[in-house]
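This report describes parts of one protein chain in plain terms. Please look at the sequence and the structure first.

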Amino acid sequence: MAVPEAVSLVDLALKATTAYDRPDLARRLHQTRQRLVDPNVRVLIVGEFKQGKSQLLNALVNAPVCPVDDDIATSLPTVVKHSETASVTLVQESESESGEPLPAKRSEVPVEQLAQYVSEAGNPNNRRQLSYAEVGIPRRLLAGGLVLVDTPGVGGLGSQHGAATMGALPKADAVLLVSDAAQEYTAPELDFLESARQLCPNVACVITKTDLYPQWRRIVEINIGHLSRAGVHAKIFPVSSTLRLHALRTEDKSLMDESGFVELIGYLQREVLARADELDRKSTSQDVVTVSEQLATNMQSELMTLEDPEKAGALIAQLNQAKQQADDLRQRSARWQQTLSDGVTDLNSDIEYDLRDRLRAISREAENIVEQSDPKDTWDQLVSWVEQQVSQAASQNFVWAIQRAQFLAGQVADHFSSNGSSLLPNLRVGQQDFISGDLRAMERPEMEKYGVGAKLFSGLRGGYGGLVMVGMATGMAGLSLLNPFSAAAGLLFGGKTVADEMKRNKQRRQADAKMAVRRHIDDVTFQVGKETRDMLRQVQRNLRDHFTAIAEEMHTSLTEAVQSASKAVKIDESGRVQRIRDLKAELERIENMAQRARALDNAVPAAVGR
Ligand SMILES: Nc1nc2c(ncn2[C@@H]2O[C@H](COP(=O)(O)OP(=O)(O)OP(=O)(O)O)[C@@H](O)[C@H]2O)c(=O)[nH]1
Ligand SMILES: [Mg+2]
C-alpha cells in the first residue's frame, strides 16, 4: 500500500461521516480510498524500434519476461506488475456503441505462451485484437506498486503506434524514453519528449547499449545539448541491460555499477514512486480537510448560536443566504453548468479547427512534394512522411485538448469557491486510450497500371503510327515502305510518344497520389475528430458529476447548519452549558482530523526534497 497514513486517515474520516450521518460525504472518501489502495504506479517504456525497450524491462526485473531479439519485435503492450506467483493474463478491452468502456475480457494463459501473444512473430499486427498482456511476477522492485509497461516499438515516434503511445501518456505516472547509444536523438524523439512532458508528470531518458557503443558518452553529451535547447528538463540514464543481467548472474558489483541501473532504479524508487505518494498525500489531505470542514459547519453554527443567542438571527440569515447559493449551484441552469457546457462547445470547435488546420497544411505540403516528383519513385517515402506528420499533428492537437480541458475544469471550479483548485477532481481522461483504433494505413494508389508493360505497349503503338506515316510519306517519294529511313523515323517518333505518354502517366500518378493523400487526411480528420469529441464528452461528464456532487454536499451541510442553529435558539439554560461542552469536544475531534490531514500534505519524505 502506497501511503498507510493516508489510508488510516481516510478510514477515520469515513467513521466520522457515519457518526455524523453524512453518507454523501462518505461517497467521496470511498473513491479516495479506492485510489489509495490501488498502489499501481505505471511506468511506460517507449521508443523507436529495436532500441532495447524489452531488454531494459527484463534487466530491471531480472527475468526474461519480454521476448527480445533482433527479429522479434514487440507487437502488444506488456504490463508487468508484482504478484506472488508468475502469471500471464491477456486483456481485451472494448467499448459500447456510445463509446462507454465495457468490462474488459481477461483470460489467463500458461506463462511460457506469453511470447506467442506479444511478439510480432506470434501475433502479427496484433491480429488477435488484444489490448495488452498482463504479467505478474514476484519481484521486490515491483512490490511497492511499480508497474512497468513495455510498448511496441514505433517506426518514427510520430507514427500510428506513436499516437497510441501518446494516448496512454495521461494515464502513466512516468515515461522512460528509450534510445540506444548508436546515435543522437532524432527530431521525432525530441518532439515526442516535448509532448510527453506536457502530459505526464515524470519523463526520463534512458540511453541503452552502452556496452555496445564505446562512444556513448559523446552521444549522451550531444543529447544533453538537444534537451537543453528544447527546454526539456529530463534526467538521462545511460545503461547497459546486457551488463546488468551479466552482473546479476555473476554477482559482480563493479559490473553492476557500470551497468548504470543503480541510478535508474534509484530514480524509479525515489522520484517516481515518491512522487506518486506525494500526489496521494496531497489529494487525500485535501479530501479529508474538505470533509472535516463540511462536518464542522453545522456544529460551528450551533455553537455560535448557543454562545451568543443575540446574534442567532443574523447568523441564521447568513446561513440561509449561503444555503441559497449552494442551492443555486445545484440547479441545472447554474452558471457553472453554463460555463462547462459552453466551454466544451468552444473546446470542441477550437480543437477541431486546430486539427483541420494542421492537417490541411500537411495536405498542401504533400501535394507540393507530389508535384515535384514522380509518385512511382517517391510514394513509399511520401507515405511515411505523411503518416508521421499526421500522427504528430494529432498528438499535438491531443496535448492541446487536454491542456484546454484542464483549464476549463479550473474555470468551472472557480464558481464554487475563490480557491477553486481545492475542488478540482483528478482529471484522468478515462479508460480508453485516445486514438484507440489505429488510424487506417494510407491506401496506395495502383501504380502497376502504368508499369513497364504498358510503357512498352504505348511505345510500340506510337512507333507503329510513326512508321506508317513516314512510310506513306516516303512511299509517295517513291521509296519502298520498309526502308532504313522509315525504320529510323519510327524509332524517333516512338521516343517522342513514349515521352508524352510518360508525362501523361506521371500526371495521372500525381493526381492519384494527391487524391490518396486527400482521402487519407479526410479519414484521419474524421477519426481523430470523433475520438476527440468522445474524449471531451467524457471530460464533460466527469466534471459535471464531480461538481454536482460537491454542490449537493455543500447544500446538505448548510441545510443542517440552519437547522442546528434554529434548534439551538430554543434550548434551555441547563442544556445549553452541557451542549456547548459537547460541541466543543466534537469540534476538537474534527479539528484534530483536519490537522492530521494538513500534516499529511506537508510531510514530504526526507529523501525526495522538492
Ligand atoms: N549489447 C547490447 N544489446 C542490447 C542491449 N539491450 C538490447 N540489446 C539488443 O538489441 C536488440 C533489440 O532489443 P529489444 O529489447 O528487443 O528492443 P525493443 O526496443 O524492445 O524492440 P521492438 O520491441 O522491436 O521495438 C536485441 O538484439 C537485444 O539483444 C544492451 O544493453 N546491450
Ligand atoms: Mg520490444
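The expected span of a helix is 1.5 Å times one less than its number of residues. Helices (H or I, at least four residues) and strands (E, at least two) are DSSP runs, numbered from the N terminus. This is a predicted model, in which local features need pLDDT of at least 70, side-chain atom pairs count only at pLDDT 80 or more, and totals for chains, interfaces and linings use all residues. Residues are numbered from 1 along each chain as its sequence is written, and side-chain values use heavy atoms, without hydrogens and water.

Helix 8 (residues 216-229) has 14 residues and reaches 20 Å from its first C-alpha to its last, close to the 20 Å expected. Its buried residues (under 20% relative accessible area, 1.4 Å probe, protein chains only) include W216, N223 and L227. The buried residues of helix 8 are packed against helix 7, strand 8 and strand 9, where contact means heavy atoms within 4.5 Å. Just after this helix, G231 has a positive phi of about 70°.

Y185 touches N223, H226 and L227, among others.

A nonpolar core is a set of buried Ala, Val, Leu, Ile, Met, Phe, Trp, Tyr and Cys residues joined through side-chain atoms within 4.5 Å. Two such cores are listed here.

| Core | Size | Residues include |
|---|---|---|
| Largest | 53 residues | L44, Y185, L227 |
| Second, separate | 43 residues | V109, A204, Y267 |

Domain 1 (39-259) and domain 2 (307-443 + 516-570), with bounds from an automatic or database domain assignment, both give residues to the largest core, so this core lies between them.

Conventions
Chains lettered and ligands numbered in written order. Buried < 20%, exposed > 50% of the residue type's maximum accessible area, 1.4 Å probe, protein only. Lists of a residue's contacts leave out its neighbours within four places in sequence.
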